[in-house]
Amino acid sequence: QVQLVESGGGLVQAGGSLRLSCAASGNIFSSNAMGWYRKAPEKQRELIARITNSGITNYGDSVKGRFTISRDNGKNTVYLQMNSLKPEDTAVYYCNLAVRIGSPQDWWGQGTQVTVSS
C-alpha cells in the first residue's frame, strides 16, 4: 500500500506563488510517475504536471511556463512550484503516484485547496 500526504495549499493573491509538496510512503515501486491534478467545481479533473522517476516531465497547457514540477527520489517527494497564479487556478489539487508496469495502479492524496483571489 502507498500513502500520499500533500501540503502547501492555501490562499494567495493573483500573481503570487505557492509551493505544493507530496510525500509518498509505503511499498513504492521504483519505476513510477508522480504528478498533480486539480479539480475545480463544475469542471473535470485536469492534469497539471507529471514527472517520472527518471525526470521526464509533462505539463498541462494551462500551466506551461508558470508551474514547475520536481521530485526528490531519495525522499519519495514531488513538488509543484506555482508562479503567476491566476484566479482560474483555484481548485483542489491532488497528488498522484502511478505505476504502469503490469496492471496499472494509481494512488491519490487527500487533496489540498488552492485559492487565488483577484
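Predicted model: local features only at pLDDT ≥ 70, side-chain atom pairs only at ≥ 80, totals over all residues.
View 1. Residues are numbered from 1 along each chain as its sequence is written, and side-chain values use heavy atoms, with hydrogens and water left out. R66 is located in the loop between β6 and β7, strands (E, at least two residues) and helices (H or I, at least four) being DSSP runs numbered from the N terminus. Leaving out residues up to four places away in sequence, R66 touches Q81, M82, N83, S84, L85, K86 and D89, where contact means heavy atoms within 4.5 Å.

**View 2. D89 and its two arginine partners.** The side chains of D89 and R38 meet in a salt bridge with an N to O distance of 2.9 Å, a salt bridge being a side-chain nitrogen of Lys or Arg within 4 Å of a carboxyl oxygen of Asp or Glu. Because D89 lies in the loop between β8 and β9 (91-99) and R38 in strand β4 (residues 33-39), this pair ties together parts that are 51 residues apart in sequence. Both residues, D89 and R38, are buried. D89 also forms a salt bridge with R66, in which the closest N and O atoms are 2.7 Å apart. Since R66 lies in the loop between β6 (57-59) and β7, and D89 in the loop between β8 and β9, the pair ties together parts that are 23 residues apart in sequence. The relative accessibility of D89 is 0%, and D89 therefore counts as buried. Through salt bridges that share partners, R38, E46, R66 and D89 are joined into one network.

View 3. R38 forms a salt bridge with E46, with the closest N and O atoms 2.9 Å apart. The relative accessible area of R38 is 6%, and R38 is buried, whereas E46, with a relative accessible area of 28%, is partly exposed. The search of the whole structure finds five salt bridges. V63 is placed in the loop between β6 and β7 and counts as buried at 0% relative accessibility. Not counting residues up to four places away in sequence, V63 touches R38 and I48; the C-alpha atoms of V63 and I48, 15 residues apart along the chain, are separated by 6.8 Å.

**View 4. K86 in the loop between β8 and β9.** K86 has a relative accessible area of 35% and is partly exposed. Apart from neighbours within four places in sequence, K86 is in contact with R66 and V116. The C-alpha atoms of K86 and S17 are separated by 9.8 Å, although the two residues are 69 residues apart along the chain.

**View 5. An open sheet of four strands in the order β1-β3-β8-β7, with antiparallel pairing.** Two strands are taken to pair if DSSP finds at least two bridges between them. β1 (2-7) and β7 (67-72) are the edge strands, each of which pairs on one side only. Strand β3 (residues 18-26) and strand β8 (residues 77-82) run antiparallel and are joined by six bridges; in this pairing L20 stands opposite L80 in β8.

**View 6. R71 in strand β7.** R71 is buried yet has no salt bridge, and the nearest side chain of opposite charge, D72, is 8.0 Å away; Lys and Arg count as positive and Asp and Glu as negative, while His and the chain ends are not counted. The side chain of R71 makes a polar contact of 2.9 Å with the side chain of N32 and another, of 2.7 Å, with the side chain of N73. A polar contact is a pair of N or O atoms within 3.5 Å; within protein, one must be able to donate a hydrogen and the other to accept it, and residues adjacent in sequence count only if both atoms are side-chain atoms. Setting aside residues up to four places away in sequence, R71 touches N32, A33, M34, I51, T52, N53, T77, V78 and Y79.

Technical notes:
Buried < 20%, exposed > 50% of the residue type's maximum accessible area, 1.4 Å probe, protein only.
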